Structures are given as C-alpha cells and as structure tokens.
Amino acid sequence: MSMRFRIGQGTDIHRLVEGRKLILAGVEIPWEKGLLGHSDADVVCHAVSNALLGAIGEGDIGRHFPDSDQRYKGVSSIELLRVVMGLVKEKGFCVGNADLTVLAERPKLGPYREQMRTNLAEVLEVSPDAVNIKATTGEKMGFVGREEGMMAEAVVLLESTK
Ligand code: MG
C-alpha cells in the first residue's frame, strides 16, 4: 500500500445478558448485566479492531479470530486489539486518531470514559487526546433503548510510517 493515509470504520453489536461481566475498552464496569460473546464481548475493542482492519484492507475480526476457534474463548479483546495493532504496524502504518461512539442505554459511561480512553491509547500507541469516546443512549427505542444490547462504532485514521 503506497497511500500516505488510510481510513477505516468499524461497527459491533453484542447482546446484554445477566451473569456476564460488562467490559468496555478493557474496563470492567460494575453492572447488573454484561455482554454475551465467545470472547469477553468487549464491543468497543471489537469496533476499533474492525476499523483498523478495514483501514489496512484486512477484512474483519471474525476472519482473524473466528468464534469456532477455542483459543479465543473468553479471551480479553484488548489483547485481540493488540494483535490487530501488530498487523497495522507490519503493514507500515501508525494510528493518527480514533473516534468512537458507544450506544448504551445504561449505565452512564462518563465515570469510566477516561480509563477507556487511556487503555485504547496505550494499545493504539497514541496520546489519549487522539482517542475520543462519545456515548449516546437509544432514547428508550430499539435494542439499545430496551437494554437488549449495546453497539459501538469506530473510525480510525492511519498514517504511513514509511
Ligand atoms: Mg463482537
């Protein structure tokens, strides 16, 4: 790839259920429900991973870390993001910035936002001000509003290191 800049977008959705931990961007958030998935179902890390893979033309995380692979059962998605970041660097790119939106009815994510940002910035190898996390509710509408699930969207800009 000879382009100086690459852009990528990622979206992910997970179902909210009782008896699971709620982990967003590697932060364990005390809550009555958690996200269901083969891994820790960290919807934020999955969206960012998909955005990075999109930017380097490498498909999606389902292709790189299939649900059918027992190695990824219960795995921490911040570690999967680290693997994806390794691919980004192998391809000769670094992250410029990342912008995210988390769609969740409850709980309020404000108290956890800085830690989420710090975690992502560390893995993406950027300063925290290059990672922006926005949150919105579903205004009680749809699967987000009914608290059946959460969704995250991410956009990343990559810059060539060559
Ligand atoms: Mg996912």
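**View 1. Three side chains hold a magnesium ion.** In this predicted model, the magnesium ion is coordinated at 2.2 Å by D12 (OD), H14 (NE2) and H46 (ND1). Donors here are N, O and S atoms within 2.8 Å of the metal (3.2 Å for Na, K and Ca), and water is not among the atoms, so sites may look incomplete. Along the chain, the donors follow the spacing D-x1-H-x31-H. D12 and H14 are both buried, a word that stands for under 20% relative accessible area, with exposed meaning over 50% and partly exposed the range in between (1.4 Å probe, protein chains only).

A word on reading these views: residues are numbered from 1 along each chain as its sequence is written. Because the model is predicted, local features need pLDDT of at least 70 and side-chain atom pairs count only at pLDDT 80 or more, while totals for chains, interfaces and linings use all residues; side-chain values use heavy atoms, leaving out hydrogens and water.

**View 2. E105 sits buried without a salt bridge.** Look for E105 in the loop between β5 (93–103) and α4 (113–124); helices (H or I, at least four residues) and strands (E, at least two) are DSSP runs, numbered from the N terminus. E105 is buried, and K140, the nearest side chain of opposite charge, is 4.3 Å away. A salt bridge would need a side-chain nitrogen of Lys or Arg within 4 Å of a carboxyl oxygen of Asp or Glu. In counting charge, Lys and Arg are positive and Asp and Glu negative, while His and the chain ends are not counted. The side chain of E105 does meet the backbone: a polar atom of this side chain lies 2.8 Å from the backbone nitrogen of G138, and the side chain also reaches the backbone nitrogen of K140 at 3.1 Å. Leaving aside neighbours within four places in sequence, the residues in contact with E105 (heavy atoms within 4.5 Å) include T137, V144 and E147.

View 3. The bond from R106 to P107 is cis, with omega near -5°. P107 lies in the loop between β5 and α4.

**View 4. Two residues other than glycine show a positive phi.** Most residues other than glycine have a negative phi, and most peptide bonds are trans. A25, in the loop between β2 and β3, has a positive phi of about 50°. E139, in the loop between β6 and α5 (142–145), has a phi near 50°. Are these residues buried or exposed? A25 counts as buried because its relative accessibility is 0%, whereas E139 is exposed, with a relative accessible area of 60%.

**View 5. V44 belongs to the largest nonpolar core.** A nonpolar core is a set of buried Ala, Val, Leu, Ile, Met, Phe, Trp, Tyr and Cys residues joined through side-chain atoms within 4.5 Å. Of the 49 residues in the largest one, those touching the most other members are L24, V44, L52, L100, L120, L124 and L158. Among the elements that each supply at least two residues are α1 (43–55), α3 (77–90) and β7 (149–160), and α1 gives the most, with nine. Not counting residues up to four places away in sequence, V44 touches L24, A25, L100, V102, M116, L120 and A152.

**View 6. M3 lies before the strand β1.** M3 is found in the segment before β1 (5–18) and is partly exposed, with a relative accessible area of 47%. M3 and K162 are 159 residues apart in sequence, yet 10.0 Å apart in space, C-alpha to C-alpha.

Definitions and conventions
Polar contact = N/O pair within 3.5 Å; in protein donor to acceptor, adjacent residues only side chain to side chain.
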